[in-house]
Amino acid sequence: MREEFSILFEPLRVKGLTLRNRIVCPPMATNRGITTPDGIKWYRRIAKGGAGMVIVEATQVSRFGEDIKLDGLKELAEAIKSEGAVAAIQLFMSPVDGRNEPNSLTKEDLKLSINRFRNAARMCKEAGFDGVEAHGAHGFLLNKFFSPKANRRNDEYGGSLENRMRLALEIVSAIREEVGDDMLLLYRHTPVEKDGYTIEESVKFCSNLVESGVDVLDISPASDARPADLAEPFKRSISVPVIAVGMMGIHERAIEALREGRADLIAIGRALIADPDWPIKTMQGNIEEIIKCRYCNEGCFGNLRSGKPVECVQHRHQAD
């Protein structure tokens with residue numbers, strides 16, 4: 001291994017689990033169905049490429065026990081873990097009867113949502129997953145509750161910062177109570193919202209999340225200024241591992257983020273779609289053999305928007 005890349009491959013111990021390196025495959029929609037043969041093959045292939053943690057794409061909590069069954073989840077978790085990666089899955093807050101705004105949900109709806117997270121987390125633990133991640137980012141429903149722009153409630157779930165944090169904290173506490181202390185709990189959060197909330201508010205929020213049971217903070221997205229710059233305030237202030245994103249498939253960016261102490265883990269998304277062997281090839285020093293992501297967004301985002309299975313236009317992955 002080239003010395004400059006060694007920081008990428010330092011193991012990280014979290015909650016009794018050892019990640020074999022600092023590389024995370026983030027949750028990315030694939031249009032495959034997570035428990036279909038094609039979906040399971042996809043995630044096994046990503047894990048085989050050497051990522052330390054694989055986070056399965058956002059999955060609505062209302063689907064667990066409905067179209068997503070325990071047997072399929074077990075097969076998915078085993079596929080990832082059998083290739084040496086820590087297996088996690090992202091849980092996504094579902095609309096209630098089509099209602100998808102904070103102001104449109106009743107307190108009974110919120111209780112239902114919390115119980116859905118409980119049920120989903122319990123099934124994931126029973127299936128053998130090492131961790132679950134609550135999706136509270138990117139302007140989706142759970143993130144909207146934290147946003148003063150989107151959340152206009154006048155009860156205990158809206159208004160003040162304390163109230164806007166409440167639903168996420170109750171969800172995290174419920175998950176932790178349900179799965180116990182031996183399962184990883186991650187939370188994905190968007191650090192700043194224009195004309196909405198500040199990084200300072202987000203740091204306070206994430207500190208409360210950690211007190212409620214979160215083990216890893218997944219900070220997304222990033223800015224263009226420098227690698228992991230928006231993750232850095234969380235890394236500096238909160239004593240749990242922090243994942244950073246943002247074109248980390250470019251080796252120099254990933255190394256800078258870790259070496260400068262702005263993050264503990266780096267998430268490589270599109271670059272792993274282009275070449276799931278990015279970690280192994282990097283570790284072996286075979287950089288020139290990596291099929292490099294061109295960030296063209298054709299086969300990934302393009303296929304995602306058109307409803308086709310996500311892939312890279314340069315290369316189609318086939319499981320061995």
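Let's start with helix α8, residues 251–259: its buried residues are His 251, Arg 253, Ala 254, Ile 255, Ala 257 and Leu 258. Buried means under 20% relative accessible area, exposed over 50%, partly exposed in between, with a 1.4 Å probe and protein chains only. Helices are DSSP runs of H or I, at least four residues, and strands are runs of E, at least two, numbered from the N terminus.

This is a predicted model: local features need pLDDT of at least 70, side-chain atom pairs count only at pLDDT 80 or more, and totals for chains, interfaces and linings use all residues. Residues are numbered from 1 along each chain as its sequence is written, and side-chain values use heavy atoms, with hydrogens and water left out.

What do the buried residues of α8 pack against? They pack against β10 (265–267) and α10 (278–283); contact means heavy atoms within 4.5 Å. After α8 comes Gly 261, with a positive phi near 70°.

Now the cysteines. Take Cys 300. Its closest cysteine sulfur is in Cys 296, 6.2 Å away, so that is too far for a bond. Cys 300 counts as buried, at 12% relative accessibility. Cys 206 is buried too, at 0%.

Last, back to α8. Its buried set includes Arg 253 and His 251, and its packing partners are β10 and α10. That's it from me.

Technical notes
Disulfide = S-S within 2.5 Å.
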